[in-house]
Amino acid sequence: MTTTTPPAPQQTNNNSSNTKAWVIDLVLLAALWGASFLFMRMGAAEFGALPTAAARVSIGALFLFPLMMLRGQGAALVQHWRATMGIGVFNSGLPFALFSFALLTINSSLAAVLNATAPMFGALVAWVWFRERPDNWRLVGLAIGFTGVVMLASGNAGLRHGDGAGNNAALWAIGACLLACLCYGIAASATRRYLTGVPPLATATGSQIGASLLLAVPAIVYWPQHMPSLRAWLAILALGVLCTGVAYFLFFRLIERAGPARALTVTFLLPVFATFYGVVFLDESITQWMLVCAAVIVCGVGLSTGFIAPKSKRAANDSTAKS
């Protein structure tokens, strides 16, 4: 049996189709995770922050568990259950609760912009944990990104209250968002330290189970006394199935198709979708100052993660790769 080499045009078409596939996954993932801020705000308004987060991770776990079993990754979860469930506290439980709390006060678009700082916190945690000092340009990016956060907080952009008490509550909400992003950074380094080589679907499922266990009792204690509306229930269902279950599946498929570096670019698209949803469905107002701050933050994230680099640095990296 002989093999033939496909003609060049066919290879080009295959590469083009592969690129198109992961780009579609990237856009869908950004659309789903951007919608999570819309649904969290809708759900938290009637359920409260803790029940909203608990319902989200519980539904996500129920969605992911059968997928994990069908993929034959149940044994991996059993073997690494302590690490996966423990990391779930920082990867899902605490961040989802903190963002749900924040969205009781601030706009969904502002929360999404603050969420974009997660890679910067990841770089800081890796610096402390693994002694991976960022290069000078990445340090500049960290400084620029956090400057944008300070600008955003001091300018009262995207707040839902105008009085002094509301502004104080908004500052607490912004702090909650940043703490959630710090949790994401801790979870990323912990996953690298304890779960390297573990199938990602097992990691995702175990993390949702761990987060569900963390939030179960608080959710029962703070469960709303009055039955939430159908709108709120549908928002919670969408959070769990679409923004957690389906989104995680897309995320891991994106990593397989395009690699982790390209998958991380979802951070830049997510605020765009969240802002669009907030304006269209929640009548949120977007100020020029908020757009300026968002641009500063995105530039900082780009530099701190290496997605944006000076030409001289890119040329040095290219020459190193070729040698």
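The model is predicted, so local features need pLDDT of at least 70 and side-chain atom pairs count only at pLDDT 80 or more, while totals for chains, interfaces and linings use all residues. Residues are numbered from 1 along each chain as its sequence is written, and side-chain values use heavy atoms, with hydrogens and water left out.

**Overview. The protein chain has 14 helices and zero strands.** Helices (H or I, at least four residues) and strands (E, at least two) are DSSP runs, numbered from the N terminus. Of the 323 residues, 47% are buried, meaning under 20% relative accessible area; exposed means over 50%, and partly exposed lies in between (1.4 Å probe, protein chains only). Among contacts with a separation of 6 or more, 90% join residues 24 or more positions apart; contact means heavy atoms within 4.5 Å.

**View 1. The largest nonpolar core holds 70 residues.** A nonpolar core is a set of buried Ala, Val, Leu, Ile, Met, Phe, Trp, Tyr and Cys residues joined through side-chain atoms within 4.5 Å. F37, F39, F99, I106, L114 and L152 touch the most other members. Helix α1 (residues 8-47) gives the largest share of this core, 14 residues. A second, separate core has 14 residues, including M68, I87, V198 and A202.

**View 2. Contacts of L114.** Neighbours within four places in sequence are left aside. The remaining contacts of L114 are I106, V149, L152, I174, C177, L178 and C181.

**View 3. Helix α13 spans residues 288-305.** Its 18 residues reach 26 Å from first C-alpha to last, close to the 26 Å expected at 1.5 Å a residue; the expected span is 1.5 Å times one less than the number of residues. Buried residues of α13 include M290, C293, A294 and I297. The buried residues of α13 pack against α5 (108-115), α6 (118-130), α7 (136-154) and α12 (266-282). Just after α13, G306 takes a positive phi of about 90 degrees.

**View 4. A nonpolar surface patch covers about 680 Å².** W223, M227, L230, W233, L234 and L237 make the patch. W233 lies in helix α10 (residues 230-258) and is partly exposed, with a relative accessible area of 36%. Accessible areas come from the Shrake-Rupley method with a 1.4 Å probe; for residues, only the protein chains shown count as cover.

Terms used: Patch = residues over 30% accessible without salt bridge, like charges linked within 9 Å, V, L, I, M, F, W, Y side chains within 5 Å. Salt bridge = Lys/Arg side-chain N within 4 Å of Asp/Glu carboxyl O.
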